[in-house]
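Colleague: Could you take me through this model? I would like to begin with the sheet and then turn to the helices and the spaces between them.

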Amino acid sequence: MQIISPPPPIRILVVDDHTLFRRGLTALLARDPQLCVIGDAADAGQALRKAQELQPDLILLDNHLPGVRGVDALPALREAAPKAVILMLTVSEDENDLAAALRGGAAGYLLKTIEGDALTAAIGRAMQGDSMVAPEMMNKLVAAYRGTSKDVLGIGAALPPAVNIGPALSSLSPRERDILRGIARGASNKEIGREHGIAETTVKIHVQHILRKLDVSSRVHAAVIATEQGLL
């Protein structure tokens with residue numbers, strides 16, 4: 001009988017200027033055996049050195065850092081650790097910071113009010129290629145996204161005019177509309193499946209159909225459409 005080894009833990013670099021927050025976050029993440037904090041930094045300079053030295057799988061990055069803000073450090077961090085996924089974890093609810101983070105290549109924008117379980121789930125989804133945006137920021141993402149040109153925010157083509165969205169939404173089945181609402185709330189496939197009593201794999205297939213029907217390439221783009229069209 002072949003023994004399947006568990007995947008190696010996700011190696012994380014925590015960047016935040018508050019020592020107590022870094023320690024608390026490290027302790028929180030340590031509860032999950034699939035997560036491993038391999039280093040921390042208090043400012044952008046330290047973060048660049050640690051990122052280059054450690055080559056983490058994922059960087060949790062605060063925005064309010066001394067000297068250079070997190071969003072401004074993104075290009076250098078991506079160059080220092082090109083394979084790392086970068087998630088913003090901040091108190092800033094400013095839509096300009098959100099747009100700058102996505103434009104700079106962050107895989108997501110989370111608020112520090114997030115629950116511990118939700119944070120660990122978001123890390124896992126980000127590592128799978130999902131774009132993660134705090135549900136509280138979705139309306140601001142709509143405002144930032146509307147009218148932008150392709151890839152300005154780093155999450156795909158601009159939204160088509162609202163008048164063209166109707167036929168695409170009408171093509172969704174009732175089940176697909178329910179799942180789209182879940183996506184807009186920031187729920188994972190597992191959470192959506194549990195809510196509707198269907199398998200996670202079935203949800204994944206529905207999500208693929210939704211993205212194709214809406215002619216978008218990411219869950220975030222689909223969530224923006226759902227939010228803008230009042231489906232929540």
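Colleague: What should I know about the model and its numbering?

Modeller: This is a predicted model, in which local features need pLDDT of at least 70 and side-chain atom pairs count only at pLDDT 80 or more, while totals for chains, interfaces and linings use all residues. Residues are numbered from 1 along each chain as its sequence is written, and side-chain values use heavy atoms, with hydrogens and water left out.

Colleague: What is the strand order in the open sheet?

Modeller: The six strands are ordered β2-β1-β3-β4-β5-β6, with parallel pairing. Strands (E, at least two residues) and helices (H or I, at least four) are DSSP runs numbered from the N terminus, and two strands pair if DSSP finds at least two bridges between them.

Colleague: Which strands stand at the edges?

Modeller: β2 and β6 (132–133) do; each has a single partner strand, so one side of each is left without a neighbour in the sheet.

Colleague: And β1, is that strand enclosed or open?

Modeller: Five of the six residues of β1 (residues 10–15) are buried, so this strand is largely enclosed by the rest of the structure. Buried means under 20% relative accessible area, exposed means over 50%, and partly exposed lies in between, with a 1.4 Å probe and protein chains only.

Colleague: How many bridges join β1 to β2?

Modeller: Six bridges join β1 to β2 (residues 35–41), and the two run parallel. Between them the chain passes through helix α1 (residues 19–29), and this β-α-β crossover is right-handed. That term applies if, with the strands pointing away from the viewer, the path from the first strand over the helix to the second runs clockwise. In the pairing itself, R11 stands opposite C36 of β2.

Colleague: How many bridges join β1 to β3?

Modeller: Four, again with parallel strands, β3 being residues 58–61. Here I12 stands opposite L58. Further along the sheet, β4 (residues 85–90) and β5 (residues 108–111) run parallel and are joined by four bridges, with T90 opposite L111.

Colleague: A change of topic: where is Q55 found?

Modeller: Q55 is in the loop between α2 (44–54) and β3. Its phi is positive, about 50°, although Q55 is not a glycine. Most residues other than glycine have a negative phi. At 34% relative accessibility, Q55 counts as partly exposed.

Colleague: Now α10. What span should that helix have?

Modeller: At 1.5 Å a residue, the 15 residues of α10 (residues 200–214) should span 21 Å, and the end C-alpha atoms are 21 Å apart, which agrees. The expected span is 1.5 Å times one less than the number of residues.

Colleague: Which residues of α10 are buried?

Modeller: V203, H206, V207, I210, L211 and L214 are buried. Seen down the axis of α10, the buried residues fall within an arc of 140°, so they line one face of the helix. The arc is that of the directions from the helix axis to the C-beta atoms. The face turned away from the buried side carries the exposed residues T201 and R212. T201 counts as exposed at 58% relative accessibility, and its C-alpha atom is separated by 8.0 Å from that of N189, twelve residues apart along the chain.

Colleague: What about the largest pocket? Which residues are closest to its centre?

Modeller: The closest are R125, Q128, D130, S188 and N189, out of 20 lining residues. About 520 Å³ of space lies in this pocket. α10 gives the most to the lining, with five residues, while α5 (116–127), α9 (189–196) and α10 each supply at least two.

Colleague: How are a pocket and a cavity defined?

Modeller: On a 1 Å grid over the protein atoms alone, a cavity is a set of points where a 1.4 Å probe fits but cannot get out; a pocket is an open set with protein on both sides within 12 Å along at least five of seven lines; and lining residues have an atom within 4 Å of a point. Grid points are joined across faces, edges and corners, and a volume is the space filled by probe spheres set on the points.

Colleague: And how many cavities of 30 Å³ or more does the structure hold?

Modeller: One. About 90 Å³ of space lies in the largest cavity, and its lining includes R125, M132, V133 and R219. The largest share of that lining, three residues, comes from α11.
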